[in-house]
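Hi,

Here is the structure I promised to pass on. Could you open it and keep it beside you while you read the rest?

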Amino acid sequence: MAKANRVDNLLQCDGGDSLLRRVDIRLSEAERRSGNGTALKMSDAYTAYLVEAKLKRNTLLLEGWEEPSSLWRRYNDFVLLRDYLVAMYPWIVVPPLPEKHISQVIQRTSLDNFDPDFIERRRVGLELFLLRVASHPLLCNDPLYRGFIRQEANWKECLLSSGYQEKHDNVVKRIGAVLRVKKPHKRLEQLKAYSNELRSHINTILSIRSKLLERACAIHKIHSNYGRILAEWSAIESDTTLADAMQSAGHHMDAFSTGVDEVADDEHLLNDHLKEYALFADALKAVCTKHEVLQFDIEQLEANIKSMQYQLDTVEGRVPAKTLSLTSLRSKLLGGETGEQKAFRVRLIHSEVDRLKVELEKHIIEAGEFAEKALSDIDRFSKQKELDLHEIFANCAAINIKLCQRGIQVWTNMRNCVDKL
């Protein structure tokens, strides 16, 4: 997917006034560096990316953006930025990052995390992450996101001082727990189920594409064998017309077989975009799960209020006390409570019930606001998803059409060589 197409798609869902409309953001190059400034060791080495930003032409001046900026960021910096956005904007489907390590490698035998092709694919993915955030009507205005693009000094210190880490760790811990919610939000529950199915379907397509690529690589290898055999065969023929035809056909087969790297590159780029939406499915699920956590807290408070209310009714004699309760046993052994003691207990219970009710009301309001904002952002995400998946599957079709056309062409050339005999 070309960058121009990506930007056009993003601008269709940005609300009309995003940073992406006014600023050109790009990762222009990547550079391998050492962590300690000395000789490069595999354990110390990392890749840094040059982030460049400048106002677009015919754009009104934006405070703080008068001059172009360029600074280096490493992958871990992007991870910090995304963790911060997830913690501070829990109701937003925050765009995912590309994979840090290589997976699903086909065709190449010696590909590591510093392979130029992998670094380029990751550069494209990181740039797309910045563009997606820049197109978001709320995230694009976050000062630490803008600082990530323009503020080279003390950016990480500002990020850490925001207190996001505690929020992030708490969210990760709670959404990882198994919660039983009795009254989930109907729409968000449906979206959570959809996110699981979306993830499953994309994984299946990735598996199918992997098998297709393996087969395509095998077909290219077979054509290489064709080219070698035809070249060797032509060398033993005394009839020059037949020998020339075989040699020419062999050249066509060899030319076709050398296109396997291009096929693999196209497929890996397509897979990267599919993997991005598999991770988007996880981000969508995380938003729905966060609301489940809020609903779980509400139900826990309701259960606590009910329990306290039962205690109050028991103390005031509206319901019989449990025969084996600690209070009843103590009363039998030590005597019942005095009127003053009972009144004191009633006041304590009333105070606790009132406190719990206030807290419950706050949680209900918080959960309602969260659901409203989450559904609004999910609507925006859904529109973006439709545009992106249209582009992804159009590219998928184009790759397969191109592959078939090349196969038809090589065998058409083969037939033309034979026709010359």
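Predicted model: local features only at pLDDT ≥ 70, side-chain atom pairs only at ≥ 80, totals over all residues.

Let's begin with β2, which covers residues 45-55. This strand is mostly covered, with 9 of its 11 residues buried. On one side of the pairing list is β1 (residues 23-34), which runs antiparallel to β2 and is joined to it by 11 bridges.

Next, D83. You'll find this residue in helix α2, which spans residues 75-88. Which residues does D83 touch, leaving aside those up to four places away in sequence? The answer is Y164 and H168. Q165 is worth a look here too: D83 and Q165 are 82 residues apart in sequence, yet their C-alpha atoms are 8.0 Å apart in space.

Finally, D115. Is D115 buried or exposed? With a relative accessible area of 13%, D115 comes in under the 20% cut-off, so it counts as buried. Its side chain also has a polar atom 2.9 Å from the backbone nitrogen of D117.

Have a look and tell me what you make of it.

Cheers

Key: Residues numbered from 1 in each chain as written. Heavy atoms only, no water. Helix = DSSP H or I, 4+ residues; strand = E, 2+ residues; numbered from the N terminus. Contact = heavy atoms within 4.5 Å. Buried < 20%, exposed > 50% of the residue type's maximum accessible area, 1.4 Å probe, protein only. Polar contact = N/O pair within 3.5 Å; in protein donor to acceptor, adjacent residues only side chain to side chain. Pairing = 2+ DSSP bridges.
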